[in-house]
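Work through the exercises below with the sequence and the model in view. Try each task before reading its solution.

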Amino acid sequence: MGNTLNIGLFGFGVVGQGIYQVINRATNAHARIKRICVRNINKPRAIEPAPGLLTDSADDILTDPEIDLIVEVVDDASASYSIVTSAIRRGIPVVSGSKAMIARHLPELIALQHEFNTALLYDASSCGSIPVIRNLEEYYDNDLLLEVKGILNGSSNYILSRVFDHGEPYDEALARAQKLGFAESDPSFDIEGYDSLFKLIIITVHALGVYVNPEDVFTYGISSISDHDIRYAREKRMKIKLVAQVVKVAPDRFTMFVMPEFVSPSKYIYSVDDEYNGVVIRGECYDRQFMFGKGAGSLPTASSILSDVMARRHGYRYEYKKMDYMELPVYDTDVLLKIYLRFADRDLPSRLPFANITEMYSSETYNYVIGEIRLADLISCRALLSGPEVFVANIPRFFLDKD
Ligand code: HSE
């Protein structure tokens, strides 16, 4: 590597353009974007790169011996997988923001990094500008970690904030999140909880050293939230937030899920609004710590990419040390959750194996129950909980005595 770091950039959408701006602005990085690979060179763009930078051939970057590092922010998980694995196989380090691809392929990507002795960094994949991955990897390297929980998706949080605090209709808030560049090209990833899930999968690898297949995790979004749910939360002086969490339920067991949650004003995440993300890290000896920042958007995400680029300049790589620990906690869904269930079909509660029901309300237009149910049963009954007539929200029960 010469004095100047030559970067090959894949993807020039909202985040790619932010990276171009940030790298050009960061004079101390001594880095330059040598080539940018896009699908369509002729597409009009808000920011036009310098002449000669754009190419539509991946090989122009992958086979260029002057390229020191690849930055990959492509909005297509299979293209991203192909770019990242090709680069690693050639021994080229990669910085990526592709959470869906990383979450689905992390075990293989870890093995490839070892085999080809190069690095893949991806702090930008989780919580935009908040340095959550490197912190979990480096600082929380002990048995004390009890929980990582938070708002990991900027778009859904933006929508909920607009709906709760500004009384805006849901659809308008979603359209605005798309216009502002927070939402995924398919916004159902944001609002159905999958974007949060992918980030949670990555976080869990760096928090606990365990990879869990995304398909094994209960994931429920905010698309069916209604005025009834919002009014119910307001009456209780709470907000509803889309929360992802990984929680140790015993020294040798942890659970994880993504779902809307009733959040009381005493919680840090109560005040996390708009496109901001907030992550609470709980440990045995330090109670709660809180990280807060912009979780979506062009420049916030680009700032995280720049941080990984600079870390790579100093030879940084994830060591995944926790994955080699002798006793890793085991993923467990045999845990009791307390949920709020709103429904139209009056038979629904009896078709779900509630351990108990503590509250029930029924009228012509609004029915709900509150009760305890095993997470494993929520997973197996997931199909019954789909559609606009049903909404589920978690009522937190872990660590309540420790707040
Ligand atoms: N769509 C994502 C979000 C972008 O809203 O959080 C950042 O990962």
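Contact means heavy atoms within 4.5 Å. Helices (H or I, at least four residues) and strands (E, at least two) are DSSP runs, numbered from the N terminus. This is a predicted model: local features need pLDDT of at least 70, side-chain atom pairs count only at pLDDT 80 or more, and totals for chains, interfaces and linings use all residues. Residues are numbered from 1 along each chain as its sequence is written, and side-chain values use heavy atoms, without hydrogens and water.

**Exercise 1.** Find which residues of α1 meet which residues of α11.

Solution. Start with α1: Val 14, Val 15, Gln 17, Gly 18, Ile 19, Gln 21, Val 22, Ile 23 and Arg 25 take part. Their partners in α11 are Ser 298, Leu 299, Thr 301, Ala 302, Ile 305 and Leu 306.

**Exercise 2.** Determine how the axes of α1 and α11 cross.

Solution. Locate α1 at residues 14–25. Its axis comes within 8 Å of that of α11, and the two cross at roughly 60 degrees. Axes are lines fitted to C-alpha atoms, for helices over the stretch in contact; angles run from 0 to 180 degrees between N-to-C directions.

**Exercise 3.** Is Ala 177 buried or exposed?

Solution. First place Ala 177: it lies in helix α7, residues 170–179. Its relative accessibility is 0%, so Ala 177 is buried (under 20% relative accessible area; exposed is over 50%, partly exposed in between; 1.4 Å probe, protein chains only). Next, list contacts beyond four places in sequence: Ala 177 touches Ser 155, Tyr 158, Ile 159, Phe 182 and Ala 183.
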